[in-house]
2 protein chains.
Amino acid sequence: MVQQPMYQQIAEKLRARIEAGELAPGAQLPTELELRDQYSSSRNTIRDAIKRLTSQGLVETRPGQGTFVTPRVDPFVSELSGDPTRGPGEGAAYLSEVNKSNRSPSVTLPRVEVQIPPTEVKRRLRVPPNTQVVSRHESRHIDGIPWSMQTSFYPMEFITRGATHLLMAQNIEEGAVQYLAQAIDVRQVGYTDWITARVPNKNEQSFFGLAYDATVFEIFRTGFDQTGTALRVTVTVWPADRNQFIVNVGKVPDLEY
Amino acid sequence: MVQQPMYQQIAEKLRARIEAGELAPGAQLPTELELRDQYSSSRNTIRDAIKRLTSQGLVETRPGQGTFVTPRVDPFVSELSGDPTRGPGEGAAYLSEVNKSNRSPSVTLPRVEVQIPPTEVKRRLRVPPNTQVVSRHESRHIDGIPWSMQTSFYPMEFITRGATHLLMAQNIEEGAVQYLAQAIDVRQVGYTDWITARVPNKNEQSFFGLAYDATVFEIFRTGFDQTGTALRVTVTVWPADRNQFIVNVGKVPDLEY
DNA sequence: GGGTATTTGTCCGTATGTATT
DNA sequence: AAATACATACGGACAAATACC
């Protein structure tokens with residue numbers, strides 16, 4: 001085994017102090033200058049060590065204040081395999097699911113737009129190029145913490161066929177999927193979730209308060225009707241540090257996770 | 001909008017050059033000294049800019065060679081919602097699934113151990129503290145690229161009840177779940193997948209060739225029998241840069257992703 | 001195989017800016 | 001306003017990895 005560079009050794013020592021509990025979640029680390037003296041090093045080397053820990057989410061730095069052990073957050077668990085006739089945490093369904101775990105969720109009013117969708121969405125909705133669609137964007141908090149951002153895309157023809165609520169900047173209480181069934185008899189009988197992970201963009205960094213090198217889940221949910229036609233695509237972005245997912249297949253016992 | 005620091009501006013300019021196609025995937029960037037001159041900066045500032053790009057997976061550096069635009073990999077898509085009576089990409093099932101996409105998969109021989117499982121596994125398998133279990137660890141490559149690492153845990157009593165193949169360091173052709181059904185009539189009727197993302201540990205970094213700040217998916221699959229008893233826990237680790245997942249619920253048309 | 005040039009990695013010192021208390 | 005702590009930026013020196021002759 002070769003000798004590791006100094007800044008990695010220091011990072012490991014700090015990690016050990018954290019994981020041993022000597023530095024509890026939320027506690028402040030020694031300042032960079034103190035650490036420099038403790039480890040007989042230079043401030044820049046200490047900073048390199050701390051950078052390693054921050055990009056692993058172990059500590060966070062606050063200018064003017066200090067460096068702190070990242071407080072542990074209680075992750076929220078979302079079930080992806082639910083009722084195929086419902087949306088992804090939509091409307092009341094989502095709120096009650098969250099409430100079960102004694103948490104207080106909130107949803108912003110949707111921002112509704114008519115636009116040409118991003119390529120990934122176009123492919124899944126199977127609409128021709130330059131076709132406009134309705135998009136509904138909303139974000140959710142749990143216990144005051146930003147938890148997810150979501151944009152749903154629907155074909156424009158749903159509006160002309162009578163599903164006019166899709167264009168209104170108001171929450172659809174029963175969920176958009178249920179609304180479509182009741183308003184214009186478009187029924188979702190199944191969906192496909194496509195799960196990826198990536199780094200957050202600028203918007204997501206500021207909304208979630210994430211570092212540029214953090215990780216978010218991005219899940220594309222495509223809903224299908226009886227004929228196998230895509231009736232909507234919902235894109236949800238979830239910070240990986242506070243979200244986890246469950247998929248149930250077949251017969252499983254009632255949970256405690 | 002405030003003025004951004006120089007190293008971030010440089011990072012953005014380099015990103016623009018990459019995304020414009022001026023620097024194609026696999027292409028070499030100018031050396032740090034050349035970039036220093038191009039942007040009238042210092043080498044350390046250039047290095048800070050490049051660090052931002054590497055931790056976003058946009059470029060990679062090779063000591064002694066240079067900095068290169070990260071080659072795009074064709075991600076492999078795994079379906080989590082499959083047959084509840086089968087394992088996760090187990091045995092022949094996994095291999096044929098991969099083959100469909102014209103890729104050539106391979107699986108290592110399992111490393112079999114009898115051990116006390118990690119806490120997370122213990123909780124899911126619902127075994128008492130200090131209970132030993134059988135673990136079977138294997139890793140998979142696709143087209144020569146390391147793709148996933150997997151460890152399955154089974155109760156020891158399965159051995160005494162006759163499922164002795166579990167202890168053998170050989171691949172179980174039909175998959176361990178099918179084997180359990182046939183050998184000792186323990187049948188998996190459903191499973192729960194629990195999906196998280198985290199940074200890779202040392203082992204995973206070296207096996208997958210990942211940076212310390214990369215992201216891996218970690219999926220815990222708990223299989224249940226007719227009585228709702230957990231019959232095994234399988235932990236699979238997948239690098240996020242080359243893996244994506246699909247979950248189908250309800251009736252969905254035949255795919256193209 | 002050895003030697004040399006090139007390129008990135010590590011480490012240090014210093015100065016100044018910005019955020020917070 | 002002053003002190004404290006992290007952030008940015010530059011310069012320099014040497015080490016380590018790689019490629020090439």
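Which polar side-chain atom lies 3.1 Å from a phosphate oxygen of DNA strand C? I looked this up before anything else, keeping in mind that the model is predicted, and I found that the atom belongs to S41(A).

**Entry 1: DNA strand C**

I next listed what else comes close to the phosphates of this strand. From chain B, a polar side-chain atom of R47(B) lies 2.9 Å from a phosphate oxygen of DNA strand C, and a backbone N or O atom of T67(B) lies 3.4 Å from a phosphate oxygen of DNA strand C. I then asked which elements supply the surface near this strand, and those that give two or more residues are α1 (6-19) and α3 of chain A, together with α3, β1 (59-62) and β2 (66-69) of chain B. Of these, α1(A) gives the most to the surface near DNA strand C, with three residues.

I wrote down that 22 residues lie around DNA strand C, and that M6(A), N44(A), T45(A), R43(B) and T61(B) come nearest. Sorted by class, the residues of this surface are five nonpolar, 13 polar and four charged. I also looked at the DNA side, where 66% of the atoms of DNA strand C within 4 Å of the protein belong to sugar or phosphate, and the rest belong to bases.

**Entry 2: DNA strand D**

The elements that give two or more residues to the surface near DNA strand D are α3 (43-55), β1 (59-62) and β2 (66-69) of chain A, together with α1 (6-19) and α3 (43-55) of chain B. By class, I recorded five nonpolar, 13 polar and five charged residues on this surface.

**Entry 3: how the two chains are related**

How is chain B placed on chain A? I found that a rotation of 180°, with 0.0 Å of shift along its axis, superposes chain B on chain A with an RMSD of 0.1 Å, which is the relation of a two-fold axis. I then checked the interface residues, and 100% of those of chain B are also interface residues in chain A, so the copies meet through the same surface.

**Entry 4: the contact between the chains**

I noted that the contact takes 43 residues from chain B and 44 residues from chain A. Between them, chain B and chain A bury about 3800 Å², and 56% of this area is on carbon and sulfur atoms. In chain B, the residues that lose the most area to chain A are I195(B), Y212(B) and V249(B), together 16% of what that side buries.

How many salt bridges are there between chain B and chain A? I found a count of zero, whereas 15 residue pairs are in polar contact between the chains, with both residues at pLDDT 80 or more. On the side of chain B that touches chain A, the elements that give two or more residues are α3, β8 (190-198), β9 (216-224) and β11 (243-250) of chain B. I noted that β8(B) gives the most to this side, with eight residues, and that the side has 20 nonpolar, 14 polar and nine charged residues by class.

Key:
Residues are numbered from 1 along each chain as its sequence is written. Chains are lettered from A and ligands numbered from 1 in the order in which they are written. This is a predicted model: local features need pLDDT of at least 70, side-chain atom pairs count only at pLDDT 80 or more; totals for chains, interfaces and linings use all residues. Side-chain values use heavy atoms; hydrogens and water are left out. Helices (H or I, at least four residues) and strands (E, at least two) are DSSP runs, numbered from the N terminus. Ala, Val, Leu, Ile, Met, Phe, Trp, Tyr, Cys and Pro count as nonpolar, Asp, Glu, Lys and Arg as charged, and the others, Gly among them, as polar. Copies are superposed by least squares on the C-alpha atoms of residues with pLDDT of at least 70 in both. Contact means heavy atoms within 4.5 Å. A residue is near a molecule or strand if one of its heavy atoms lies within 4 Å of it. A polar contact is a pair of N or O atoms within 3.5 Å; within protein, one must be able to donate a hydrogen and the other to accept it, and residues adjacent in sequence count only if both atoms are side-chain atoms. Buried area is the accessible area (1.4 Å probe) that two parts lose on being put together, summed over both. A salt bridge is a side-chain nitrogen of Lys or Arg within 4 Å of a carboxyl oxygen of Asp or Glu.
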